Every structure is written in C-alpha cells, then in structure tokens.
Amino acid sequence: MAAFSYIAKTKDGEEVRSSLEASNRLEALETLRKKGLTVIDLFSAEPKKSAPSVAPKKSAPMNAAPEAKKRRTLSFTSNVKMTDLAIFCRQLAISVNAGVPLRDAIEGIGMELEHPVLKRVSGEMVSQLHDGQSFSEVVASHPKIFNEMFYGLIKVAEEAGKLPDTLTQLADYLERADRLQRRIKAMAAYPIFIGVFFVIVCLIMTLFILPQFTDIFGGFGADLPFFTRLVFSVNDFFVNNFLLIFLGTIAVVTGVVFYGRTESGAYRKDWLKLNMPYAGGCLKKYILARFCRSLSIMVNSGVPISNALEICADATGNQLIKRNVMGVREMIMTGNRIAASLEKTGIFPGLIVRMVSVGEDSGQLPEVLDNVSDLYEDQVEVSIMTSMALFEPLIICVFGAFILMIVLAIYLPIFTVSMSVK
C-alpha cells in the first residue's frame, strides 16, 4: 500500500486536506469519490528517497517531463491529421486490450501504417521502449504528435495500471472530435465552393470584360447613362490600382497575422472571434464542448482538478477562455467550489455552471461534463447546418445582384444609342 496526500472539497464546499493509503492512484481517487469528495489535488506522500519520480507531483504532476512544458493541447503538427492519429490510437487500444504487449502492438501497427510521419515515429517509439523507457516518456519525446493531454493521461494510466482503458478513452475522444470536424468541413464545402467561384467570376468581369466595353462605348462619342458611368468609374479605379490594392491587402493581412501571434494580439483576435454576430456564439459552444470533453476524460482517468484545468486550458485554443479557465483554477485552489468559480468568470454559460454544480454534489462530474459536451456538439452541428443552408442562397443572391449590375451597366448605353439612332 502507498500513502497519498490530497486536497479535496466536500459537497458543502469545505476544503479537506488529509492523506490515505491505497494500492495505486486510481484506487485512492475512487475511495475519495465514494466519500463524496471532489479531488482538487492528489499526490504521493512517500518520502522522496523511496519515490523520486513521483514526488514532484504536488506542484505540477503532468509537467514533470521537460518536453511536456512546450506542448500545446490539441495542437498537432500539420503533417499528422486528427484522423490519422485517431486511427493509430484506436488500433493501439484494440491491440493492448487484446493482450498484445505494448511494444509489439506499436511495432505491428507501424509496419502497416501508410502515413510517413506516423510510420517513422512508431519506429522510434519501438526503439525507445526497447531501450527501457516508459510509454509516458516515449510519448513526451514526441510533443508534435502527442499533446499534453495525451501525455498526462498516459502517465496517470501507467501509475494506475489502466493503460488499456485509457487508450480506449483517448481513441473515443479523438474519433468523436475528428467526426465533428469532418461534418463541419463537409457541410461547409459546397458554400465555400460557390463563394470562391463568385470571387473568380467577379475578378474576370472586372479585369477583362468591363474594360473592353469601356473602350467600345468610349468610341461612340455619346453621353453614357449615370449608372453606367458610375460602374465603369469604380471598375477603372480598381483596374488602374489593382497592384496597389493587392499589395496593400497582402500587407494588412501579414500585419494582422504577425500581430495575432503576439500575446495581446492573440487575446484580441480570440475576443473578436467570440463576439462575432451568430458565428461567435457557435464557435464558443464548439470550444466549450471540447473543453468539457477533455476535462471529463482527465478527471475520470484520475487527474486532479487543478492539473486537469491547467492542461485543458490549452485545449480551448482560445486565449480569452484560457485565461478564464486558469482563473477558475486559481479560485478552486483558494477554496472555492468549481461551479461557483466558473460562474464568477462570467464567460461560462449558466447551463455549464448548473450542470457542474449537480456533478459536484452527486460525485458524477465526469458524466455530467460528457453530457454537456454532447449537448453543445449537437447544437454546433445544427447551427452550422442552418448557417450553411442560409449561406448558399445568400451567396446566389449576391452573385445574381452583381451580375445584374454588370448587365445593366452594359445594356443601358446600348438602349441609349439605339434610341438616338432612331
């Protein structure tokens, strides 16, 4: 039996600091849950000489590896898509659950992989495992492939002896996130195609078609209608200054991109994203769904709330929500309830606050977070379907109005000249 110290909260929000004995970390967590406690922090109480690798867990258990500090949750390298990682994780989960040794499972999967990056990484992982490194150490050495959440769950699973179950949870999580992303891309594909086609047609009409009619009508020597002169003047300005407008647009976009990479710029950019009409609300629900899902998995796997929030803050991918999540973490560490801390930020909807409060009181926080995530994912999907359904006819109307304007600008002089000839 090992000794564990813990910081937890009762259903009334009172902070409890004590210790207990359990065979592993997961059993200690389960014991505290049965007592109706919400675990804030859980770390080994053994002396450093007996467990040097576990002792640092009091401050930042999931960040023990130097490589993990540089991680960004849910920010995979562009060479490895979430689909590929989800498939790899699912195959690994199936193999390990079937009793195949971890090293043999990764080696067998690597031999059948077609993705060059994952194939190379799997070979390196087999070599590292052969050299005696733990799976969590191997995962930590590939931060561009496996994020901090992946690393944290694997480390906890190794200590609790629940690696097969954790791999299955990770596979489910990645597949669910990948499925939602693919649905969003599929629904947005056709409207985006129409939008791109519209832009191309506009450029062709502006740069090549209208200038020819300008020269033709100029040779008539007749007064052109006001609408035609207005359209041709705007078009001439655009054509004559096209290079300047193009370079100016590139400069502005480049400046915005570089500013967005600064700390203040990223915060302002993410604030604007969340405050966009309609789209901002949809994006916020998507981010909160991802946050609730990742937090549920980490808490359910035995990661203390304090560490889970620190890791899941990066999972949001939004600096505004990340700051608020870290603020929630600080409030919880100073004795506040989770639901009350979420409410004080003012950015989390009342639904999340109420559901988290129910989860705290009932000791079923992971299950409640999962339900909230399911609800928000469904709402996001419905919102995107509705938006795309409205966006398509809107683009067609705008496209039709532009073409009508061009046709009127061209045909009005023809009618005028015909009437003059008569």
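User: Why are α14 and α15 called roughly antiparallel to each other?

Analyst: In this predicted model, the axes of helix α14 (residues 338-345) and helix α15 (residues 350-362) cross at roughly 165° and come within 8 Å. Axes here are lines fitted to C-alpha atoms, for helices over the stretch in contact, with angles running from 0 to 180 degrees between N-to-C directions. Angles over 145 degrees count as roughly antiparallel, those under 35 as roughly parallel, 65 to 115 as roughly perpendicular and the rest as oblique, and α14 and α15 are therefore roughly antiparallel.

User: What makes the contact between α14 and α15, and how do its residues divide?

Analyst: Contact means heavy atoms within 4.5 Å, and here Ile338, Ala339, Leu342 and Glu343 of α14 meet Ile352, Val353, Val356, Ser357 and Glu360 of α15. These residues divide into six nonpolar, one polar and two charged, where Ala, Val, Leu, Ile, Met, Phe, Trp, Tyr, Cys and Pro count as nonpolar, Asp, Glu, Lys and Arg as charged, and the others, Gly among them, as polar.

User: How do you know that the buried residues of α14 line one face of the helix?

Analyst: Ile338, Ala339, Ser341 and Leu342 are the buried residues of α14, buried meaning under 20% relative accessible area, exposed over 50% and partly exposed in between, with a 1.4 Å probe and protein chains only. Seen down the axis, these residues fall within an arc of 160°, so they line one face of α14; the arc is that of the directions from the helix axis to the C-beta atoms. The face turned away from this buried side carries the exposed residues Glu343 and Lys344.

User: Why is α3 called roughly antiparallel to α4?

Analyst: The axes of helix α3 (residues 102-112) and helix α4 (residues 116-130) come within 9 Å and cross at roughly 160°, which makes α3 roughly antiparallel to α4. Among the contact residues are Leu102 and Ile106 of α3 and Met125 and Leu129 of α4.

User: What makes Ser373 a buried residue?

Analyst: Ser373 has a relative accessible area of 0%, and Ser373 is therefore buried. Ser373 lies in helix α16 (residues 365-421) and touches Ala289, Cys292 and Arg293, not counting residues up to four places away in sequence.

User: What do the numbering and the values rest on?

Analyst: Residues are numbered from 1 along each chain as its sequence is written, and side-chain values use heavy atoms, with hydrogens and water left out. Local features need pLDDT of at least 70 and side-chain atom pairs count only at pLDDT 80 or more, whereas totals for chains, interfaces and linings use all residues.

Terms used
Helices (H or I, at least four residues) and strands (E, at least two) are DSSP runs, numbered from the N terminus.
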